[in-house]
Amino acid sequence: MATAAAALLSFPVISMEKLETGERGAAMEVIRDACENWGFFELLNHGISHELMDEVERVSKAHYKNCREERFKEFAARTLEAGEKGDDVKDVDWESTFFVRHLPASNLADLPDLDDHYRQVMKEFAAEIEKLAERVLDLLCENLGLEKGYLKKAFAGSQGSPTFGTKVSSYPPCPRPDLVDGLRAHTDAGGVILLFQDDQVSGLQLLKDGAWVDVPPMRHAVVVNIGDQLEVITNGRYKSVLHRVMTRTDGNRMSIASFYNPGADATIFPAPALLADGAAEEKEGGAAVYPRFVFEDYMNLYVRHKFEAKEPRFQAMKSDAAPIATA
């Protein structure tokens with residue numbers, strides 16, 4: 001517990017306005033350490049207006065209450081009944097969620113139960129998050145010594161764009177947190193994830209040095225975490241880390257997570273520059289530790305093994321690998 005408390009005190013938080021001042025070097029060092037040792041960091045003063053974020057929060061919470069709460073209550077009653085009878089409900093997640101796709105083609109107009117105002121607010125927010133994601137990727141390029149734009153290009157499929165979408169989630173109160181998690185522990189499959197989370201209700205945790213650490217809720221912050229694809233491209237220098245959402249007996253936690261991922265047919269592999277100059281920490285005689293693969297192939301594997309260790313997934317993408325064993 002002491003380790004978790006100490007880690008929380010030092011959780012990496014970066015005010016992006018410092019990147020425009022004489023404190024830029026120190027801020028970039030916090031980002032570097034976060035990517036290598038935490039897999040997460042939190043951004044303040046990131047350029048997205050507080051008014052827009054407040055409106056996204058307002059309409060998202062209203063949408064849950066008006067359109068999704070009753071359906072969730074039915075699921076919750078079934079889950080609790082099964083758990084209290086002794087059935088194992090650890091393979092379900094205590095969440096209400098829907099997914100908005102932005103790129104390569106938007107599905108925003110096709111989603112039911114969203115009014116025109118919600119669609120417009122989400123469209124504006126997605127445009128801002130996309131710009132911030134690409135700015136973050138360029139900061140990572142700078143820290144890695146890669147040319148500006150390298151990661152954005154690496155994510156571009158044949159259509160010249162990433163796969164980009166937003167998962168809108170609510171984690172309602174749970175009377176039996178001992179029975180079920182809000183979201184089971186996993187790493188994220190994709191590239192870089194930008195999260196706008198509830199600043200009043202906590203629950204998100206990451207695994208660091210064997211201890212679960214809270215990701216602190218902060219007003220108008222954006223939480224960034226590293227996905228599996230960035231671990232591959234950096235040849236293990238940056239790490240995707242296990243994270244989870246805990247259930248609580250009070251509070252309905254909002255989570256709006258945007259995933260800036262490679263295009264479906266993008267080929268992912270360790271950046272040659274990181275191998276050539278010896279910058280990557282994990283290498284075998286300058287060789288890539290991670291395989292080359294098509295992102296869609298990885299995703300097809302991930303959906304079947306999301307809540308399992310990532311290392312067998314990477315191993316399975318090698319051309320001569322045996323399939324992952326299933327129970």
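Here is a walk through this structure, from the whole chain down to a few single residues.

Before setting out, note that this is a predicted model, in which local features need pLDDT of at least 70 and side-chain atom pairs count only at pLDDT 80 or more, while totals for chains, interfaces and linings use all residues. Residues are numbered from 1 along each chain as its sequence is written, and side-chain values use heavy atoms, with hydrogens and water left out.

Let us begin with the overall picture. Nine helices and 13 strands make up the chain's list of elements; these are DSSP runs numbered from the N terminus, with helices being H or I of at least four residues and strands E of at least two. Along the principal axes, the C-alpha atoms fill a box of roughly 55 × 50 × 45 Å. The radius of gyration is 20 Å, which agrees with the value near 20 Å for a compact globule of 327 residues; it is taken over C-alpha atoms, and the globule rule is 2.2 Å times the number of residues to the power 0.38.

How much of the chain is buried? Of the 327 residues, 53% count as such, where buried means under 20% relative accessible area, exposed over 50%, and partly exposed in between (1.4 Å probe, protein chains only). Contacts, meaning heavy atoms within 4.5 Å, tell about the fold too: among those in the chain with a separation of 6 or more, 80% are between residues 24 or more positions apart.

Now for some single residues. Most residues other than glycine have a negative phi, and most peptide bonds are trans. Against that background, look at Leu103 and Pro104, which are joined by a cis peptide bond with omega about 10°. Pro104 sits in the loop that runs between β3 (96-103) and α4 (116-144).

The loop between β3 and α4 also holds Asp113, whose phi is positive, near 70°. Asp113 counts as partly exposed because its relative accessibility is 45%. Asn45 has a positive phi as well, near 50°, and its place is the loop between β2 (40-44) and α3 (50-84). With 41% relative accessibility, Asn45 counts as partly exposed.

Finally, follow the chain into helix α3, where you will find Glu57. Is Glu57 buried or exposed? Its relative accessibility is 10%, so Glu57 counts as buried. Neighbours within four places in sequence aside, Glu57 is in contact with Phe196, Asp199, Arg219 and Met254.
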